[in-house]
Amino acid sequence: MRLFLLSILFISCQISISQNCSNTITGKVIDQHDGTILVDAKVTILETQQFVLTNFEGEFSISNLCNKTYTFEVYHAFCDSKTYKLEVSGDTYKIFRLEHHLEELNEIILEGKSVEIKSNTTLENKISKEDLEHNSANSLGDVLNNISGVSSLNTGNTIVKPIINGLHSSRVVVMNDGLRMEDQDWGSEHAPNLDVNAIDNITVIKGASALQYSGNAIGGIIITENSKTPVKDSLYGKTIVTGATNGRGGTVTSQLTKSFKSGWYGKAQGSIKRFGDFNAPDYNLSNTGVFERSLSLRAGVNKFNSGIEAYYSLYKVETGILRASHLGGAEDQVRAINSAQPLYIDDFTYNIDAPYQDVTHHIARIKAFKKFNDIGTLNFQYGYQQNNRLEFDVRRGDDKDKASLDLKLDTHTLLLDLDSKISSTTKLKLGLTGQYQTNFADPNTGVRRLIPDYDKYNFGAYAILDKKINNQLLFEIGARFDYTYLNALKFYRTSFWESRDYDTTFQDIVIDGDFGDQVLANPKLSFYNPSATVGLNYKFNNGYKLLFNYALSSRAPNPSELFSEGLHHSASRIEYGDLQFDSETSSKVSITLLRENDNFSFSINPYANFINNFIVIEPIGISQTIRGNFQIWEYRQTNARLLGVDINSGFKLTDYFQLKNQFSLVKGKDTSQDEALINMPAASTKNTIVYNNKKLNNLNLALESEYVFRQNEYPNNNFEVYIAETETTEIVDVSTPPSAYHLLNFNSSVDFKLNNKTSLTVGFDVSNIFNKSYRNYLNRTRYYADELGRNFLINLKINY
């Protein structure tokens, strides 16, 4: 027995001696987003409680480990600690990845800040969450007017369409939280169908340099985003109530977010806006009310290395159009333009009658991402949109409640892109896009359809390379190609068909020419659109930065430009397109010098945009119909040149006072006809003095002086009309711009802490303080009425 025990002891000693416990594990602790090293990260072996801290290179080393499986806990300040099971067999090297941006991510959620760069070589203008909340009662176009170089094309005061560096409509792309908006943007009076209360920040890129979003954004790109949801257990929300005197209405919006440490989250948001007739300084603007509702829901899971989100939104708006802008005979047109007041003025009401728009927009989207350590982040998105546009004209008899235009646009979009970090100095973005779109123009309106039924297919691919040459210089280059195929079915009036020589040029697309005075045609059109960008970003040692960008972009003509042939009801004009149009091609060069400093900052951004085959629409006369006389606007193709400059500056006068300035100038010219382009924004400047005292409940007071110069460069599109009443002809002046004007505006806000979790922000604004009468060159109703008079607005925001 003694011999047996000695044998067992001998074998045990041999096993213990043969156990290798001289292994060493070395490695790094890095940020899993961008590979940044994490200094002073704590690496602990739970079985032995051995621990070390990473050095200035993010490296660590632990010795005297056996051949076995250990549990490692890795911790860094502001990170969630993570545990890893690791089998040690000999000397081992391991990289541990942590989510270092957890607290920064939460700050983005709560403060509404975003630092993500969309284009490294083009100046980006951002609108913060706070500014959006302060403009809760305004439209997207109104909010964007606060950016230099961005103006708006208005139909009255409620239909506001953004203009970037002189360009608008299909040349300006709106990205709604990653999905391109498809909402019949071709109309000059078609505002983006988006509620500013459903987004958290906006980025504006002037030009098509951000090719991952689009290649045809000749004017620019508007990117709206929602803040990311924190990866922790939380429940928070906000409610904003706004009331205004002009229009006697306001808005109510509320949202609630629930998140979990597991990564799951959900968010609900809803808004309602109601205004009655607005008023100019001296009279009521009849039939200019608005009734807007929106709802959005999102839910998903964010796991740092992967995530998925489902999203749905509904946006519905009924918008009145100034009744005095829809007139009957030529005599009324002349009288209205020459009159100081509208020819139709009624008492205030909340009712919205013809003419008006009724638009409903649905979005359903699912997106997902997956991070691969050696490849990058792969993103996938599918989106569906439905836009139903109804336009109601002044009609009589049994059809007075029937829409004169009924368009339903369905769009399916697929996106797949890869964001890869090739090295510490090189990043590569690759992407593919596919889109199918179908438009249905309901013939039951009883009115000739302005836009036909069509199917459209878009396919695109892009690549963008960012190369950091050194700590001061970054180089960016990108390329994109888009293919568009359009298959339409349209009835043409025989007289129009023959007047354009379509009977000889497009005789092969005629399906049936025996419809009396109509021709049924099936146009099938293909467009091939290359785009490219190259740019530099140079940082000086003294806080200055120089950006240079060249962007080549091309845009296929939209359906309105190709197929319009009839009365556009909410625009109250007849529009004619042309099947023979080619794609527009833009070459834009922009240079930006900027300085970022607490005491004095500025940016100077001159640019030159040369556009071949530029499509412009302009008035050419009046057509007499059984429903009245309407202006005729016709599309044509030419070459154009736009030169401009945007300037921003900020000067800190004292600890509490700051002076801000904005100046914008753009000159548009039709180089083929050597004349000015129509509807170019006039030069404008804004000067604002701001008082901010964070110690006094973050009191903020601002007095803004806005001066808009007269537009002195414009084409002569005037025409003659015959006045039957006097048997004479008179000139209809639709060209001469209105006078310059100067406005004073005031806005303020102050914060109150109600308890540990709830705060109240009170805002009070006054626009057009002196109730000045004026007209804006870019407002389509300027012929008939003045702009809005004085408006008092109060804004209450509760965070909880």
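Which residues do ring pairs link into a cluster with Phe 496? Ring pairs join Tyr 492, Phe 496, Trp 497, Tyr 502, Phe 506 and Tyr 576 into a cluster.

The model is predicted, so local features need pLDDT of at least 70 and side-chain atom pairs count only at pLDDT 80 or more, while totals for chains, interfaces and linings use all residues. Residues are numbered from 1 along each chain as its sequence is written, and side-chain values use heavy atoms, with hydrogens and water left out.

**View 1. The aromatic pair of Phe 496 and Tyr 576.** A search of the whole structure finds 27 aromatic pairs. Rings of Phe, Tyr and Trp (its six-membered ring) pair if their centres lie within 6.5 Å; planes under 30 degrees apart count as stacked, over 60 as edge-to-face and the rest as tilted. The ring centres of Phe 496 and Tyr 576 are 5.2 Å apart and the planes are at 35°, so this pair is tilted. Phe 496 belongs to helix α6 (residues 494-499) and Tyr 576 to strand β33 (residues 573-576), so the pair ties together parts that are 80 residues apart in sequence. Helices (H or I, at least four residues) and strands (E, at least two) are DSSP runs, numbered from the N terminus. Phe 496 is buried, with a relative accessible area of 5%, and Tyr 576 is buried at 16%. Buried means under 20% relative accessible area, exposed over 50%, and partly exposed in between (1.4 Å probe, protein chains only).

**View 2. The aromatic pair of Tyr 707 and Phe 709.** This pair is edge-to-face, with 4.8 Å centre to centre and 80° between the planes. Tyr 707 is partly exposed, with a relative accessible area of 32%. Phe 709 also counts as partly exposed, at 36% relative accessibility.

**View 3. Charged side chains over the rings of Trp 633 and Tyr 607.** The charged end of Arg 573 sits over the ring of Trp 633, 4.1 Å from the ring centre. Lys 588 lies over the face of Tyr 607, at 4.8 Å from the ring centre. A charge sits over a ring if NZ of Lys or CZ of Arg is within 6 Å of the ring centre and within 35 degrees of the ring normal.

**View 4. The largest cavity and its lining.** The whole structure holds 13 cavities of 30 Å³ or more, and the largest has a volume of about 650 Å³. Of the 46 residues that line the largest cavity, Ser 188, Arg 573, Ile 617, Trp 633 and Asn 679 are the closest to its centre. The elements that give two or more residues to this lining are β9 (150-155), β33, β35 (600-625) and β36 (628-652). Strand β35 gives the most, with 4 residues. By class, the lining has 20 nonpolar, 19 polar and 7 charged residues. Ala, Val, Leu, Ile, Met, Phe, Trp, Tyr, Cys and Pro count as nonpolar, Asp, Glu, Lys and Arg as charged, and the others, Gly among them, as polar. On a 1 Å grid over the protein atoms alone, a cavity is a set of points where a 1.4 Å probe fits but cannot get out; lining residues have an atom within 4 Å of a point. Grid points are joined across faces, edges and corners, and a volume is the space filled by probe spheres set on the points.

View 5. Strand β11 (residues 172-176) pairs with β12 in the antiparallel sense over 2 bridges. Two strands pair if DSSP finds at least two bridges between them. Met 175 stands opposite Arg 180 in β12.

**View 6. Backbone details at Ser 169, Asn 768 and Pro 355.** Ser 169, in the loop between β10 (159-164) and β11, has a positive phi near 60° although Ser 169 is a residue other than glycine. Ser 169 counts as buried at 10% relative accessibility. Asn 768 is not a glycine either, and its phi is positive at about 50°. This residue lies in the loop between β44 (759-767) and β45 (791-799) and is buried, with a relative accessible area of 5%. A cis peptide bond joins Ala 354 and Pro 355, with omega about 5°. Pro 355 is in the loop between α5 (330-338) and β22 (356-372).

Conventions. On a 1 Å grid over the protein atoms alone, a cavity is a set of points where a 1.4 Å probe fits but cannot get out, and a pocket is an open set with protein on both sides within 12 Å along at least five of seven lines; lining residues have an atom within 4 Å of a point.
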